[in-house]
Amino acid sequence: MPPLTSRRLALSIGALLAALALSVAVCASLGSSRYTLLDLLRHAADEETAQAMILRVRLPRILMAALAGAALGAAGAVFQADLRNPLADPYILGVSGGAALGAFAATALGLPAIAPVLPVREAAAFLGAIATVAVLFVLSSARGRVVPYPMLLIGVIMNTVYLALILLIETVVESSRLHGVRLWMIGTIPIEEYGLIAALSVVLVLSLLGLASYGRDLNLMSAGEEAARSLGVTVERTRVVTVILASLITAAVVSVAGPIGFVGLIVPHSARLMFGPDHRLLVPASALTGAIFLIFADTLARTVMAPTEIPVGVVTALCGGPFFLWLYRRQAGGGYFQ
Amino acid sequence: MTSPNPAPILAVRDLLFRHRGARGPLFDGLSLAVRPGEFVGVIGPNGSGKTTLLMLLSGVLAPQGGEVALGGRPVRSVSPRERARMVAVVFQEARILFDFTVLEIALMGRAPHLGAWRLERPQDFASARAALREMDLADLESAHLQEMSSGERQRALIARALSQEPRILLMDEPTAFLDLKHRLQIYEILVRLNREKGLTVVTTSHDLNLAARYGSRLVLLHRGRVAADGPPATVLTSELIRRVYETDARIERDAESGAPFIVPIAPVR
């Protein structure tokens with residue numbers, strides 16, 4: 001891979017944006033009812049039905065999938081550099097699990113019923129994710145310095161505890177109340193209002209710009225923490241700011257779409273193979289690759305067994321679990337068996 | 001250095017430093033001054049504080065007491081980026097994540113010269129490539145670090161330090177894992193940069209003979225204190241080696257360079 005130049009940066013991002021637009025167009029034409037984008041252009045007899053199906057059902061869902069994939073893909077790339085661990089991912093770190101527990105607890109307590117107009121479940125999920133990051137920082141720091149190495153293990157343990165608490169809630173609370181949140185928990189792309197989609201887009205784009213400004217610092221941190229310091233990087237500040245931004249976008253999409261697993265793992269590794277390891281390109285490229293990946297994963301989820309829908313989290317976990325094991329085996333080399 | 005003595009470019013005064021969880025301080029009152037253009041070898045047994053001293057000198061670690069001065073200014077008042085434009089460091093055993101190429105590694109040395117949003121300019125590429133040529137790596141610029149020998153990897157990291165265009169180069173055991181040829185090669189390059197460009201070099205070493213042959217000044221550390229400091233011939237004496245390294249050794253003199261070299265005989269029981 002040649003080193004990054006403004007030309008390569010522009011060409012890569014441009015190609016990815018074109019691929020994203022094409023993916024949206026293709027997937028908007030796929031579904032259990034046989035309407036395609038062409039029906040809209042052709043002014044067919046049932047134009048209104050086609051319009052309703054595509055613009056009110058498929059397109060919002062596709063855009064939501066794109067946002068979730070973009071956030072999780074970029075967050076994965078950032079976590080991997082920050083934790084100096086290629087296996088890091090918001091799901092494995094417990095950020096998504098924290099969101100799940102927050103949503104479950106709020107629903108079990110009946111909070112959404114008290115204020116039905118407010119996005120209570122989403123807010124609780126958001127708080128759960130942010131609280132998890134705070135706990136991760138506290139538990140993995142010593143004398144004011146965050147030590148990245150134990151973070152992943154701490155995250156795995158927290159996930160286990162979260163799952164136990166969720167199962168406990170399930171046992172205690174009558175199950176009809178939990179039906180909606182149970183579906184959310186596996187990861188399902190909802191059909192959302194365009195207003196929410198626009199708001200999420202703004203948060204995502206601003207966060208991505210913030211992360212991109214730390215791209216070079218993340219490169220230097222990949223070359224070693226001390227090396228980064230000696231090259232002028234304020235490692236603590238970079239790590240805290242980038243982890244918080246990555247967690248923020250993770251929490252924002254997970255609170256809406258549920259904890260979709262492994263996107264943050266598969267996507268950055270694929271993007272690195274295609275575009276190289278430079279984070280100034282890798283972070284935006286992971287966002288765009290993640291958007292495309294999740295659009296197709298969700299289209300698969302809603303079409304493969306139509307009219308029955310599979311939660312998209314099932315699709316990504318079935319791809320991601322084996323991928324993680326393959327990667328771990330390759331990473332660990334001989335050490336895997338010792 | 002002959003008089004008039006130029007002001008030190010890098011100095012520590014009354015350094016107090018204790019490692020996390022350590023019982024006592026490693027350094028308590030250590031002082032040392034390096035003048036511009038010097039080539040200093042820091043030697044001493046395991047645990048004597050060589051690497052820690054280098055990290056303190058580079059500003060990567062902060063002392064609990066005393067002062068590190070860079071170009072006459074307290075290093076705390078120099079911003080990390082400005083510091084990185086003056087001081088480059090080559091650490092031991094760097095594990096580099098992800099598949100960066102040799103050229104990308106060398107370009108990393110340009111970071112302190114560039115703003116956050118700025119991509120590397122043509123002059124940055126020129127500087128990185130010049131450093132790679134210096135390190136004899138020009139043909140390997142698109143190779144990945146993982147596929148290189150440890151000697152080539154080490155040279156790539158030195159190239160990164162050189163493309164920083166520093167005034168001071170700090171190196172921690174730069175030749176630890178290298179074979180004879182590459183050890184000499186790296187020292188020869190350093191000596192040339194020191195002579196031709198006035199680069200100030202401070203390097204730690206376990207290889208006393210190499211340090212004595214190439215360094216104009218040796219600093220012998222023992223339990224966090226400077227046991228001896230001066231031209232190699234005054235530092236490498238059998239008494240000092242016996243006391244500091246707890247090893248009986250014979251000191252001979254290389255007929256050609258005049259540098260002392262030691263022949264270790266047996267550990268002191």
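## Ground rules

Contact, as used here, means heavy atoms within 4.5 Å. With that in hand, take chain B: among its contacts between residues at least 6 apart in sequence, 64% join residues at least 24 apart.

What you're looking at is a predicted model, where local features need pLDDT of at least 70 and side-chain atom pairs count only at pLDDT 80 or more, while totals for chains, interfaces and linings use all residues. Residues are numbered from 1 along each chain as its sequence is written, chains are lettered from A and ligands numbered from 1 in the order in which they are written, and side-chain values use heavy atoms, with hydrogens and water left out.

## Chain A at a glance

Chain A has 15 helices and two strands (helices are DSSP runs of H or I with at least four residues, strands are runs of E with at least two, and both are numbered from the N terminus). Its 338 residues would give a compact globule a radius of gyration near 20 Å, and chain A agrees, at 20 Å. That radius is taken over C-alpha atoms, and the globule rule is 2.2 Å times the number of residues to the power 0.38. Along the principal axes, the C-alpha atoms of chain A fill a box of roughly 70 × 55 × 40 Å.

Of the 338 residues in chain A, 55% are buried. Buried means under 20% relative accessible area, exposed means over 50%, and partly exposed is in between (1.4 Å probe, protein chains only). Chain A exposes about 14,300 Å², with carbon and sulfur atoms supplying 71% of it; such areas come from the Shrake-Rupley method with a 1.4 Å probe, and for residues only the protein chains shown count as cover. For contacts in chain A between residues at least 6 apart in sequence, the share joining residues at least 24 apart is 75%.

As for charge, chain A carries 22 positive and 18 negative side chains, and the centres of the two sets lie 9 Å apart. Lys and Arg count as positive, Asp and Glu as negative, and His and the chain ends are not counted. Each charge is placed at NZ of Lys, CZ of Arg, CG of Asp or CD of Glu.

## Chain B at a glance

Over in chain B there are nine helices and twelve strands. The radius of gyration of chain B is 19 Å, close to the 18 Å that the globule rule gives for 269 residues, so chain B is as compact as a globular protein of that length. The C-alpha box of chain B runs to roughly 55 × 45 × 40 Å along the principal axes.

Buried residues account for 52% of the 269 in chain B. The accessible surface of chain B is about 12,400 Å², and 49% of that belongs to carbon and sulfur atoms. Chain B has 35 positive and 30 negative side chains, with 6 Å between the centres of the two sets.

## Where the chains meet

Across the interface, 36 residues of chain A are in contact with 36 residues of chain B. The two chains bury about 3,000 Å² between them, 63% of it on carbon and sulfur atoms. On the chain A side, A:Arg216, A:Ser230 and A:Leu231 lose the most area to chain B, together 22% of what that side buries. Buried area here is the accessible area (1.4 Å probe) that two parts lose on being put together, summed over both.

A:Arg216 is also one of the buried residues of H10(A). Eight of the eight residues of this helix (residues 215-222) are buried, so H10(A) is largely enclosed by the rest of the structure. Those buried residues pack against several helices of chain A, including H3 (47-82) and H14 (279-303), together with helix H3 (102-108) of chain B. After H10(A) comes A:Gly224, with a positive phi near 115°.

## A few residues in chain B

B:Gln154 sits in helix H5 (residues 150-163) and counts as buried, at 11% relative accessibility. Setting aside neighbours within four places in sequence, B:Gln154 is in contact with B:Val90, B:Glu173, B:Pro174, B:Leu178 and B:Ile186. B:Phe177 is 23 residues from B:Gln154 along the chain, and their C-alpha atoms are separated by 8.8 Å. B:Phe177 lies in the loop between strand E7 (168-172) and helix H6 (180-197), and counts as exposed at 60% relative accessibility.

B:Asp124 belongs to helix H4 and is buried, at 0% relative accessibility. Not counting residues up to four places away, B:Asp124 touches B:Leu107, B:Arg110 and B:Leu114. B:Asp136 lies in the loop between H4 (122-134) and H5, where its contacts, leaving aside neighbours within four places in sequence, are B:Arg155 and B:Gln185.
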